[in-house]
Amino acid sequence: MKQKLIAVLAGLIVGGSALAQGIPMPVEKLGETVNQQNGETVPFYKGYGSSIDADPKNPRRFYGLTDRGPNADGGGNIKIFLQPGFTPSIGHFEIQRDGSIRKLRTIPLKNAQGKPLTGLPNPAGYGTSKEQVVDADKHPLERDINGIDSEGLAVMKDGTFWVSDEYGPHIVHFNKNGIELERMSPRGVKTTGRRLPAVLGHLRPNRGMEGLTTTPSNTKLVGMMQSTLHNPSKSEVSNKSLVRILSFDLKTGQSKQYLYRQGGDYWKNSEIRAIDENRFLVNEHNGTTVKHVYLIDLRGATDVSDKNDGDNGLLVNGKPLEQNSWEELEAAGIHPVSKTLVVDVQKQMDFPHEKFEGMWVADNGKTLWIINDDDFGIDSQDDKYIVPKRLPDGSTDATHLYRIPLNLQAR
C-alpha cells in the first residue's frame, strides 16, 4: 500500500510542474521590519527549510525544521534578531493528492521544564558560539542557556526527534511534543547529557552541525559539520576543504569520526540522509553555482577519533588534521569517505534559490525531495540594511519542495 501511494504521488507531481518549479510550502507571516535606507516595509515569514525528514509512518507526510529565527548580518560577527523570542519548531506536513502541501501541526521546541526555547546563542560555558547578538534597534540581547540554532533533523520510529545545531554544536533529543529529553555537547560545554568529541567545539561561527540523520536501524546518529573547523584557530587552518562526519552509537555512547573532502575551500554541507547503515546522501554547495548531491560510503574510510579526546582531536605529523594536506593525510594512511555525484541540482532543474538545506529520501531510494532555505524571506545589504531576499526574477524567496528521481541501485 505504501509503495502504491508513493507511486501515485510521484506520478502526479512529475505530471505537473513540481519537478521544475517546486511545490510551494504553506506561508506563515511572522512580522515586518523597515529598510532603514529607503523606508521600505520588509515582511518576513516562517519557513521550514533548515531540514526535512520522512514520516516513518506515512509516505505522504514529512517533517520540516525552522531555523533559529529571522535574523540578518550586522557586520563583523554581529547578528540582528528581528524576533528574539522566536521559538524554533518542527512542522508536520502532508502532500495532498492535488500536489499541494498542508501543514498538520506545529511542534515548538521546549526545554525539559516545558519552557519554549529561543534561537539565541548560549552564554559562555554553555556553547561555543561567539556571535554578538542585537535586536532590530541594535541593542544587545541576553543570551539563552538553552538556545538552539536548529539545523539538522532526524525523525525516529518511536516518534521522537533529534536536532543538531550550530552553537555547541549540540545534538538535542526531543519527545513527540517537542520537550527536551537530552542535550549532547562537546566536552567542556556545561550540559548534563552524553558527550560529543571536544574537537567539534572548534566550529567556525555559524557553520556547526548542519546535517543530521539516523540509520535505518535507529541505532546510530550521523551528523556532518557544515565546513572546516577552525582547528586550532582560524588563522592556523591550512586544509579548508576538510569536513568532519560524526557517527554516534546511541546504545553504547561511543562515537567515530570520518573525513569528507569538499570541492573547494570552506564550501558547505547542509544535509545528510541515510540510505542504509553505511551509505548516505549529502549535499554540497558553494552558495552560488555548485549545488550537488553525493552518495558517500563510510566503509573504507578511516576513523579519525582521538582516543584521548584532546581539544584539537587526533594529531597527524604533530598537528591537527585541519593543518595537514590531503597528501599528508594519505601518506599517514588516512582515507576520507568515498563520494559519487548523483545529482547536479543546478543542471537538472530550474532551481533559482541560493541554497537547499533539506533532503528527504523516499520510495526505497528512488526519490529525493529537496527543500530550499529562504532565510525567512530577508537578507542583509552591506551589513547595514535589512531587505527582501530576492530571486533572479525579482520575486521574494519562499520555501518550495522539489522532487528529483534517483537511481541508486545502479551504484
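This is a predicted model: local features need pLDDT of at least 70, side-chain atom pairs count only at pLDDT 80 or more; totals for chains, interfaces and linings use all residues.
Let's start with the overall fold. The chain has 4 helices and 30 strands. Its C-alpha trace spans about 55 × 55 × 40 Å along the principal axes. Buried residues make up 57% of the chain. Now take the contacts with a separation of 6 or more. Residues 24 or more positions apart account for 61% of them.

Next, the cores. The largest nonpolar core has 32 residues. Which of them touch the most other members? They are Trp162, Ile171, Leu221, Tyr260 and Ile296. Several strands supply at least two residues each, among them β16 (209-214), β17 (220-225) and β22. Look at Leu221. Its contacts include Trp162, Ile171, Met184 and Phe248. There is also a second, separate core of 16 residues, and Phe351 and Met359 are among its members.

Now, charges. Side chains of opposite charge can pair when their charged atoms come close. The count here is 24 salt bridges. One of them joins Glu131 and Arg68, with the closest N and O atoms 2.8 Å apart. These two sit 63 residues apart, Glu131 in the loop between β9 and β10, Arg68 in the loop between β5 and β6. Both Glu131 and Arg68 are buried.

Here is another pair. Glu354 meets Lys389 in a salt bridge at 3.1 Å, N to O. Those residues are 35 apart, and each lies in a loop. Glu354 is partly exposed, because its relative accessibility is 33%.

Last stop: Lys291, in strand β22. What is the nearest side chain of opposite charge to Lys291? It is Glu354, 8.2 Å away. A salt bridge needs the atoms within 4 Å. Lys291 is buried yet has no salt bridge. What does the side chain of Lys291 reach instead? It reaches the backbone oxygen of Thr288 at 2.5 Å. It also makes a polar contact with the side chain of Gln346, at 3.3 Å. Lys291 touches Glu354 and Phe351 as well, among others.

That's the tour. Thank you.

Terms used:
Residues are numbered from 1 along each chain as its sequence is written. Side-chain values use heavy atoms; hydrogens and water are left out. Buried means under 20% relative accessible area, exposed over 50%, partly exposed in between (1.4 Å probe, protein chains only). Lys and Arg count as positive and Asp and Glu as negative; His and the chain ends are not counted. A polar contact is a pair of N or O atoms within 3.5 Å; within protein, one must be able to donate a hydrogen and the other to accept it, and residues adjacent in sequence count only if both atoms are side-chain atoms. Contact means heavy atoms within 4.5 Å. A nonpolar core is a set of buried Ala, Val, Leu, Ile, Met, Phe, Trp, Tyr and Cys residues joined through side-chain atoms within 4.5 Å. Lists of a residue's contacts leave out its neighbours within four places in sequence.
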